[in-house]
Amino acid sequence: MEGNGGDAANVVAPLAKWRNDFSRAFQFYLDRSTPHPTERWLGTLAVAAIYVLRAYFVQGFYIISYGLGIYILNLLIGFLSPKVDPELEVSNDASLPTKGSDEFKPFIRRLPEFKFWYAITKAFCVAFLMTFFSVFDVPVFWPILLCYWIVLFVLTMKRQIMHMIKYKYVPFSRGKQRYGRKKSGASSSGLMRD
């Protein structure tokens with residue numbers, strides 16, 4: 001009887017090794033893609049285009065597209081929100097400055113850009129795979145789903161923008177600010193008086 005247990009262990013060991021090797025290779029390439037956001041987003045755009053083409057040519061799977069849209073909207077809210085919401089928590093270390101005299105604190109996202117990209121890419125891949133199974137092709141009247149999603153998007157973004165205005169934060173930056181040299185002609189003309 002011990003031989004039967006040993007056979008199962010011999011079968012499982014190569015599968016576990018293959019899974020571990022695959023996981024390491026996948027993580028290696030994911031880590032290498034981290035400093036290349038433009039290329040990552042272009043890849044995601046290609047995956048999204050493939051999904052859209054698949055859904056268009058099949059003329060179905062609208063419920064999957066709707067769920068994908070809701071999920072992406074949820075991720076977008078996390079991406080645009082600060083890590084510590086000034087409405088909910090009062091924290092001294094990571095809160096946003098609320099007055100002009102407050103010390104500058106950088107905007108820290110609740111969902112970092114890399115995780116945002118990774119989740120969107122995974123979502124498009126899963127949605128693409130789901131389009132190959134007819135059980136997910138639920139017959140729905142797609143214009144109603146589209147209108148409902150647009151209304152949901154507008155209301156959610158309005159609330160998020162109002163939150164940004166109220167607490168005076170902008171979730172986008174273009175990196176470290178660079179200071180250029182002042183032009184001597186432009187600065188001297190401002191000092192001259194008649």
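Asp21 and Lys17 sit 4 residues apart in helix H1 (residues 2–33), so about one helical turn separates them. Helices here are DSSP runs of H or I with at least four residues, strands are runs of E with at least two, and both are numbered from the N terminus. Asp21 and Lys17 form a salt bridge, with their closest N and O atoms 2.9 Å apart. The term salt bridge stands for a side-chain nitrogen of Lys or Arg within 4 Å of a carboxyl oxygen of Asp or Glu. Asp21 is partly exposed at a relative accessible area of 37%, whereas Lys17 is exposed at 52%.

The model discussed here is predicted: local features need pLDDT of at least 70, side-chain atom pairs count only at pLDDT 80 or more, and totals for chains, interfaces and linings use all residues. Residues are numbered from 1 along each chain as its sequence is written, and side-chain values use heavy atoms, with hydrogens and water left out.

The structure holds 2 salt bridges. Arg40 is buried, with a relative accessible area of 6%, while Glu113 is partly exposed at 24%.

Turning to the protein as a whole, its secondary structure comes to 6 helices and 0 strands, and the elements run α-α-α-α-α-α from the N terminus on. Of the 194 residues, 24% are buried. Contacts (heavy atoms within 4.5 Å) can also be sorted by sequence distance: among those between residues at least 6 apart in sequence, 85% join residues at least 24 apart. The accessible surface amounts to about 15300 Å², and 65% of this belongs to carbon and sulfur atoms. Such areas come from the Shrake-Rupley method with a 1.4 Å probe, and for residues only the protein chains shown count as cover.

The axes of H3 and H4 come within 10 Å and cross at roughly 175°, which makes H3 roughly antiparallel to H4. Axes are lines fitted to C-alpha atoms, for helices over the stretch in contact, and the angles run from 0 to 180 degrees between N-to-C directions. Angles under 35 degrees count as roughly parallel, over 145 as roughly antiparallel, 65 to 115 as roughly perpendicular, and the rest as oblique. On the H3 side, the residues that meet H4 include Ile64, Leu68, Tyr71 and Phe79; among their counterparts in H4 are Glu113, Phe116, Ala123 and Met130.

Leu76 lies in H3 (residues 62–80) and is partly exposed, with a relative accessible area of 22%. Leu76 touches Phe116, Phe153 and Met157, not counting residues up to four places away in sequence. The C-alpha atoms of Leu76 and Leu111, 35 residues apart along the chain, are separated by 8.6 Å. Thr156, placed in H5, counts as buried at 14% relative accessibility. With residues up to four places away in sequence set aside, Thr156 touches Leu73 and Ile77.

The loop between H4 (113–130) and H5 (142–167) holds Val135, and Thr131 is also found in the loop between these helices. Thr131 is buried at 2% relative accessibility, whereas Val135 is exposed at 64%. Thr131 touches Tyr51, Arg54, Phe61 and Ile64, again leaving out residues up to four places away in sequence. Val135 instead belongs to a nonpolar surface patch with Leu129, Phe132, Phe133 and Phe136, which together have about 530 Å² of accessible area. Patches are made of residues with over 30% relative accessible area and no salt bridge, where like charges are joined within 9 Å and nonpolar side chains (Val, Leu, Ile, Met, Phe, Trp, Tyr) within 5 Å.

Technical notes: Buried < 20%, exposed > 50% of the residue type's maximum accessible area, 1.4 Å probe, protein only.
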